[in-house]
Amino acid sequence: MTSENKIDTKTLPDAIPKTRRGISIIWLLPIIAAAIGGWLYYKSIVNAPYEVEIQFKSAEGIEAGKTKVVYKGLPAGTVNNVQLSPKGDAVDVRVGFDPNLKHLIRKNTKFWMVTPTVNLSGVTGLETIVSGNYIAMRPGDGPAETHFTGLDGPPPLDVTAPGLHLILTSAEQPSIEAGSPISYRKHQVGSVQSVRLTENKQSFEIAVHIQPEYQSLVTKGSRFWNASGIHITGSLTDIDIRTESFTSMLKGGIAFDTPDDEEKPVQAENMDKFVLYDDYQEAQSGIVISILFKTGQGLSAKSTKVRFKGLEIGLVDKVRIEPDLSGVTARVVMDPQTRRILREGTKFWLVSPKVSLTEVSGLDTLVSGTYIDVLPNLKGDPSRKFVALDESPAGKAGPGHLDIILQGERRGSVKAGSPVYFRQVQVGEVTGYELASSGDAVNINAVIYKPYVPLVYENSVFYNVSGMDFGLFSGLKTESLEAVMTGGVSFATPEGDAMGKPAKNGRIFQLHEKAQSGWLKWSPNIPLKLKNSPPRKDFPKLKKETDPTNNSEK
């Protein structure tokens with residue numbers, strides 16, 4: 001090496017070591033990895049499915065990893081696991097829910113299976129044929145909960161849902177189920193939500209829902225009845241066949257109506273209670289009354305009707321024997337329009353076939369059956385309990401007739417329905433009788449028909465014309481063959497000033513056992529000016545004759 005190439009080491013500065021500060025970039029990689037892992041772990045916790053357990057009676061149609069929980073048409077969770085419950089009587093289904101829906105899963109949340117169903121009212125759950133069975137849910141309130149019991153079917157609507165929610169009560173379980181239609185004049189306006197036995201086990205409660213647009217149809221006076229199947233009522237000449245709709249006939253249903261005669265209708269409110277009647281007839285009648293009869297002969301529950309002037313106004317619902325065996329009480333359901341005649345003094349009696357030597361009546365009942373007739377009274381206090389009469393209370397009488405009392409020593413053959421004669425023409429009839437309070441006489445109630453009221457004066461004389469009267473000189477005397485066979489009462493009125501004043505309602509007359517010959521000349525010369533009758537000529541004067549029994553003229 002030449003001298004030119006040599007380096008003088010003495011002239012070079014000394015090397016000073018330098019200390020390196022900070023973290024090497026290589027260490028950033030594990031830090032970033034840890035941060036990412038922590039974030040992912042946090043996200044896995046935050047976004048982890050919210051797991052709950054739902055217990056069903058059967059796992060049919062439920063498959064882990066496939067069966068969804070659907071809320072308002074959107075997936076809300078997925079079944080993660082299905083296993084038999086510890087007791088082996090059910091299956092436990094674990095479901096993972098979207099954590100964002102955690103606030104919807106509370107103590108009162110409801111779950112139920114949705115499967116394709118075909119029944120008489122229609123086909124439901126058709127969407128499951130493509131998507132498969134799913135679990136439906138309805139959010140509830142209360143604290144958070146993770147254990148639930150699945151329902152057999154959709155739960156009733158929440159009472160806060162729009163529309164009208166009502167409770168119907170029935171002594172027996174009707175042939176309806178959840179989903180059965182509620183109809184108004186054969187148009188569906190709602191549905192049955194549930195049917196359950198009450199806590200006291202004595203009746204059933206049916207929860208129903210009326211759609212919002214129809215809730216104004218229901219008032220406090222509305223009446224509901226079981227519209228299931230076909231109802232056939234009536235007789236050989238009057239058969240009533242009634243159905244609501246094909247769906248109601250097959251599956252069952254309820255119908256309701258509101259009376260048109262409500263003076264001040266009040267709208268029904270949520271959770272109002274109504275009685276569920278057995279059928280249309282019972283519901284339409286509405287007002288329940290009781291009528292006490294001496295015997296139950298001719299009375300038939302669900303068959304015997306109440307009629308007024310030929311029109312049906314009520315129906316016997318039940319018949320029972322009085323506890324003291326004193327008679328039979330008929331529970332009758334009356335048409336609401338009869339409310340104004342259901343007063344004290346209104347009379348009821350049973351109409352049945354009657355055949356005698358003098359008359360044949362009630363032949364229509366041979367085919368249609370016996371029925372209850374009524375004579376209204378509009379002035380008494382309202383009443384719901386009545387005692388039936390033994391016979392018709394002067395069926396021909398009406399407003400303007402004359403009620404009188406005949407008092408005699410004995411009744412004889414006079415009975416309710418016996419005629420009252422004037423010159424052998426029936427002008428009234430006996431309506432009843434009773435023993436006087438003193439016990440020494442009989443009071444016989446009679447009515448004079450309106451056209452013949454002017455014939456009766458204060459001094460008219462009434463006598464029994466029943467049977468035959470043999471006089472020593474006059475021979476055999478009878479009023480008429482009809483009076484001989486059925487019994488009856490006749491009367492005569494003196495002439496001129498001896499008549500007295502016209503008789504008034506409640507007038508008491510003595511009832512003589514037989515006619516006296518002196519009375520025979522009284523009535524024929526009375527000028528007959530009857531109301532509602534055409535004018536007539538006076539009766540011709542009778543010739544004078546001698547009565548051998550008392551040497552008087554007649």
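Is Tyr 184 buried or exposed, and at what relative accessibility?

1. Tyr 184 counts as buried, at 17% relative accessibility. Here buried means under 20% relative accessible area, exposed over 50% and partly exposed in between (1.4 Å probe, protein chains only). Phe 256 is buried too, with a relative accessible area of 1%.

2. A word on the basis: this is a predicted model, where local features need pLDDT of at least 70 and side-chain atom pairs count only at pLDDT 80 or more, while totals for chains, interfaces and linings use all residues. Residues are numbered from 1 along each chain as its sequence is written, and side-chain values use heavy atoms, leaving out hydrogens and water.

3. Now the rings. Rings of Phe, Tyr and Trp (its six-membered ring) pair if their centres lie within 6.5 Å; planes under 30 degrees apart count as stacked, over 60 as edge-to-face and the rest as tilted. By this rule there are nine aromatic pairs. One of them joins Tyr 184 and Phe 256, a tilted pair with 5.2 Å centre to centre and 40 degrees between the planes. Ring pairs also link Tyr 184, Phe 224, Phe 256 and Phe 274 into a cluster.

4. For charges over rings (NZ of Lys or CZ of Arg within 6 Å of the ring centre and within 35 degrees of the ring normal), have a look at Arg 307, which lies over the face of Tyr 371 at 4.8 Å from the ring centre.

5. Finally, confidence: pLDDT is the predictor's confidence in each residue, from 0 to 100. The protein's mean pLDDT is 76, and 71% of its residues reach 70 or more. Where pLDDT is low, the predicted coordinates should not be read in detail.
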